[in-house]
Amino acid sequence: MFKGLNLSAHCVHLFTSENLLKTERMIIRDSHDLYKKGLVFEEVTEISLSNEPYQDQNARLLAKCTQVKKLTLSGLIGVDEIPEFVFGYSQLEELSLIYTNIQYFPTALSRLKKLKRISLKNCDFRRFDEAICTLEDLEELTVRQRIAPQFPIHFDQLKNLKRLDLLGMTGLVSLPEEVLELPKLEELHLAPRLFKKVIKEHKEFVKQLHYLPSFSSVEKKHLPKVVELLSKDKYPSRLRSLVLNILAGHAEKVQKIAQLEDLLHLLNFPRVEYIRLETLSYIDHFYPKALEKLEKGSHLLVVGKLNSNKKDLQALLKKVGVKYQAKLNDKTTHVLIGQSPKAINEAALEKKLPLITEKRILDYLNNNVDDLYLLEEDEDQELQNENLKMLLLSQNEDGIQTAFSLIREGGLPKVLRTSLFLLYLEYHSDKIRRQTKRLLGKLASPELLDKAKRYLTYHSYALWYKQGAKSIIQAVNFFAEELDRDELLDYVWKNNEPVQRYIWKAFTLERQVEKLKNYMDTKKKSLDLSRMGLKTLPAGVYELANLEYLTLNDNALTTIPQKIKKLKKLVRVEAISNNFSQEKEAKLKEFFSGLKVDLVLHHKRN
């Protein structure tokens with residue numbers, strides 16, 4: 001079906017009158033279309049005017065389009081109220097006003113009895129008059145602006161209003177009582193602070209909503225776009241609810257309401273890959289025994305976008321005697337399904353073929369292919385592996401390509417998994433990322449790459465760049481199940497010096513000691529940890545048996561733990577400009593005096 005587009009008045013449109021007449025829906029994209037030869041005004045069903053001056057001559061022609069069902073007015077110059085011709089559109093179902101100075105709906109709005117959707121975005125809208133309360137068919141109302149308009153007293157008479165979108169309306173400090181009385185409201189979108197208040201104060205009201213936000217970072221990023229797509233493509237209520245709960249991460253609710261056909265439909269959800277990736281994780285619940293009959297002689301149809309390279313996958317399947325297929329036929333026994341599989345879903349369901357996700361097929365191959373990895377770890381390879389890691393993380397494309405060449409010639413060791421992952425996440429080159437992704441497909445699960453994609457959907461900058469220590473440690477924990485935790489932290493340590501002082505405790509004790517020895521002057525047997533923002537001593541300090549002189553100036557210490565007595569050779573501790581109370585200073589002096597260790601807490605006065 002041919003869909004209309006919002007286009008500027010300065011765009012040139014190459015549509016002939018013949019093509020327009022053949023189109024099922026007649027569409028006016030700008031005022032120039034009004035003067036095209038062969039245009040039948042009574043057949044126009046959609047009008048989209050953008051960034052044009054308002055002219056009476058055009059208005060008279062627009063008034064002839066009496067069968068319009070969808071109208072969009074965006075950035076019209078010199079328009080402060082809804083043009084009069086609009087109220088003659090008795091068949092109008094959708095009205096969108098974008099970047100206009102229109103501040104209210106006049107009484108004449110009540111003539112538009114068939115209106116189902118009203119959208120106001122970036123307008124200066126101030127009030128809804130009672131006229132809107134007469135629109136009995138209105139199902140969806142969107143108001144995206146900071147200023148909160150006045151709601152009419154009888155707003156609760158909108159008996160069929162299902163969706164109310166007030167995202168970004170920071171001027172709305174409380175939800176009007178009239179909204180709380182809407183009988184069929186099932187979807188509500190508010191600024192997070194207000195929504196949290198509504199959930200707390202109106203528990204019975206929120207029970208009728210099909211979706212409640214989780215207020216996560218990824219939801220916050222994608223929600224406005226997702227809601228727009230759901231409305232634009234006219235998703236039915238059950239699919240809207242499913243998509244929004246997937247976005248919010250409400251796994252229990254998704255599993256409760258999801259039907260397989262709906263999930264398969266969402267694998268083609270446009271523009272938001274996060275929804276497609278999350279949807280795949282729920283499909284496995286419908287085929288718990290899909291792999292039981294996958295055996296030698298089976299025919300596996302592979303459809304959709306995968307993380308793995310399909311040629312490599314085909315080679316691995318061949319090793320277990322499974323035939324790789326690109327097209328459905330009578331021999332097909334199983335379907336490996338990825339993102340955007342298109343119409344193959346319906347055919348597979350009709351044949352009752354079991355569906356398998358990429359994660360499960362790779363788990364199967366891991367268990368059945370002995371040489372899944374190209375190269376096993378070997379002590380003789382350790383030095384070469386360290387050199388490969390250095391090249392991969394060199395931030396130099398020539399060095400990275402050299403590493404790729406060495407891997408192609410000598411094999412791919414599993415110990416490179418974390419380095420390849422960091423390269424995939426950090427290096428901003430599509431060419432390098434594609435090559436890295438292919439190698440990672442041999443070493444890492446699809447889940448790990450999915451996690452990386454999800455992370456990148458709401459972190460446009462590098463993983464460790466300019467983030468606080470707490471966020472960095474959360475990111476490390478997010479990926480550490482499959483990767484080397486200390487190697488991730490080492491990468492942070494080398495590339496983000498300002499946070500070094502805060503992430504000591506995230507390292508293992510062994511790695512802490514290793515790093516402290518790098519700070520240590522072995523000749524003087526001294527360690528200077530001044531100006532590192534320390535609130536407590538790193539645990540690794542107590543393992544430095546040969547330490548004699550310890551400097552802790554300009555930190556945030558409130559005490560020095562008694563465990564320091566483990567350092568039998570300690571001679572002097574200097575801890576000037578910390579946060580010790582007078583009482584604590586007295587106790588520390590007494591404690592260190594008993595150890596026969598010189599303790600300096602203040603500069604000497606002349």
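Predicted model: local features only at pLDDT ≥ 70, side-chain atom pairs only at ≥ 80, totals over all residues.

Residues are numbered from 1 along each chain as its sequence is written, and side-chain values use heavy atoms, with hydrogens and water left out. Helices (H or I, at least four residues) and strands (E, at least two) are DSSP runs, numbered from the N terminus.

**Stop one: helices 16 and 20**

Select 417-426 for helix 16 and 485-495 for helix 20; their axes come within 10 Å and cross at roughly 45°. Axes here are lines fitted to C-alpha atoms, for helices over the stretch in contact, and angles run from 0 to 180 degrees between N-to-C directions. That makes helix 16 oblique to helix 20 (under 35 degrees counts as roughly parallel, over 145 as roughly antiparallel, 65 to 115 as roughly perpendicular, and the rest as oblique). And the hand?

Now show side chains: Thr418, Ser419, Leu422 and Glu426 of helix 16 meet Glu487, Leu488 and Tyr491 of helix 20, with contact meaning heavy atoms within 4.5 Å. By class, that contact has 3 nonpolar, 2 polar and 2 charged residues (Ala, Val, Leu, Ile, Met, Phe, Trp, Tyr, Cys and Pro count as nonpolar, Asp, Glu, Lys and Arg as charged, and the others, Gly among them, as polar).

**Stop two: helices 11 and 13**

Next, pick 310-319 (helix 11) and 358-368 (helix 13), which pack at about 45° with axes 10 Å apart. This crossing is left-handed. Leu313, Leu316 and Leu317 of helix 11 touch Ile361, Leu362 and Leu365 of helix 13, giving 6 nonpolar, no polar and no charged residues.

Switch to cartoon: 8 strands form an open sheet in the order 1-2-3-4-5-6-7-8, with parallel pairing (two strands pair if DSSP finds at least two bridges between them). At the edges sit strand 1 (26-28) and strand 8 (187-189). Zoom in on strand 6 (140-144) and strand 7 (163-165), joined by 3 bridges; Thr142 has Asp165 as its bridge partner.

**Last stop: the mixed sheet**

Finally, find the open sheet of 5 strands, 13-14-15-16-17, with mixed pairing. Select Met520 and you'll see Leu527 of strand 14 opposite.

Definitions and conventions:
Left-handed = near helix turned anticlockwise from the far one by under 90°.
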